[in-house]
Amino acid sequence: VYVIDTGLWANLIGAGPERLAADPELAGRAAETFAVSELIKQAEWSDTRVSIHHFRDRDQREVDIVLEARDGRVACIEVKSAATVRARDFRPMRHIKEHIGDRFVQGVVLYTGAATVRFGDDMAAVPLCGLWEGRRPNFRTQPTTQHDPSGDPQIVSRTRTVPYGPF
């Protein structure tokens, strides 16, 4: 369950700036709540209708946000409240890509760093501010990097159908 207003969420749980700075797990939940709320808001004016999901399988692989367009295309977004992203942060998205093939269009880790960093043809770390700056990586012009091994997806739970524009 996400509260669409991150400030309200923080107030309800008593999480001021000091507490968020001192608690990385709580800061991560705040970043994820913010990203989900922004995506839902932006989805309202997009021409592309998508279903928004959260993914977790029996092996505890998890992706914060899975967007599925009506034509079956899928984009995955993981949210990190860290300034560094590692290849292992993309493992759950690569797992999904391995199982759905060409339907997978992109995987993004939103993070607190300043630069877009490529992690393969269709994977990138993108600054969290990219949500509202409209910066999206060009997945067709960068070199491929190493892919991590993956397993079998089991559960995808629907939260809501909304329009969104990364497709």
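Accessible areas here come from the Shrake-Rupley method with a 1.4 Å probe, and for residues only the protein chains shown count as cover.

**Ground rules**

I am working with a predicted model, where local features need pLDDT of at least 70, side-chain atom pairs count only at pLDDT 80 or more, and totals for chains, interfaces and linings use all residues. Residues are numbered from 1 along each chain as its sequence is written, and side-chain values use heavy atoms, with hydrogens and water left out.

**Layout**

I listed the secondary structure next. The chain has five helices and seven strands. Helices (H or I, at least four residues) and strands (E, at least two) are DSSP runs, numbered from the N terminus. Along the sequence I read the pattern α-α-α-β-β-β-α-β-β-β-α-β.

Then I checked burial. Of the 167 residues in the chain, 47% are buried. My cut-offs for relative accessible area are under 20% for buried, over 50% for exposed, and partly exposed in between (1.4 Å probe, protein chains only).

I also looked at contacts, meaning heavy atoms within 4.5 Å. Among contacts between residues at least 6 apart in sequence, 60% join residues at least 24 apart.

**Helix H4**

Which residues of helix H4 are buried? In H4 (residues 91-100) I found Pro-92, Met-93, Arg-94, His-95 and Ile-96. The buried residues of H4 pack against strands E1 (49-56), E2 (62-69), E3 (74-79), E4 (104-111) and E6 (123-127). Just after H4, I noted that Gly-101 takes a positive phi of about 65°.

**Salt bridges**

I searched the whole structure and got ten salt bridges. The test is a side-chain nitrogen of Lys or Arg within 4 Å of a carboxyl oxygen of Asp or Glu. Side chains of opposite charge can pair when their charged atoms come close.

- Glu-25 pairs with Arg-29, with the closest N and O atoms 3.4 Å apart. The two are four residues apart in helix H3 (residues 24-43), so about one helical turn separates them. Glu-25 is exposed at 56% relative accessibility, and Arg-29 is partly exposed at 43%.
- Lys-41 pairs with Glu-38, with the closest N and O atoms 3.3 Å apart. Both lie in helix H3, three residues apart, about one turn of the helix. Lys-41 is partly exposed, with a relative accessible area of 41%. Glu-38 counts as buried because its relative accessibility is 15%.
- Asp-71 and Arg-73 meet through their side chains at 2.8 Å, N to O. Asp-71 is exposed, at 53% relative accessible area, while Arg-73 is partly exposed, at 27%.

I also noted a network: salt bridges that share partners join Asp-57, Asp-59 and Arg-61.

**Nonpolar surface patch**

Which residues make the nonpolar surface patch of about 270 Å²? My entry reads Leu-8, Leu-12 and Ile-13. Patches are made of residues with over 30% relative accessible area and no salt bridge; like charges are joined within 9 Å, and nonpolar side chains (Val, Leu, Ile, Met, Phe, Trp, Tyr) within 5 Å. I looked up Leu-12 on its own. Leu-12 is found in helix H1 (residues 6-12). Leu-12 is exposed, with a relative accessible area of 59%.
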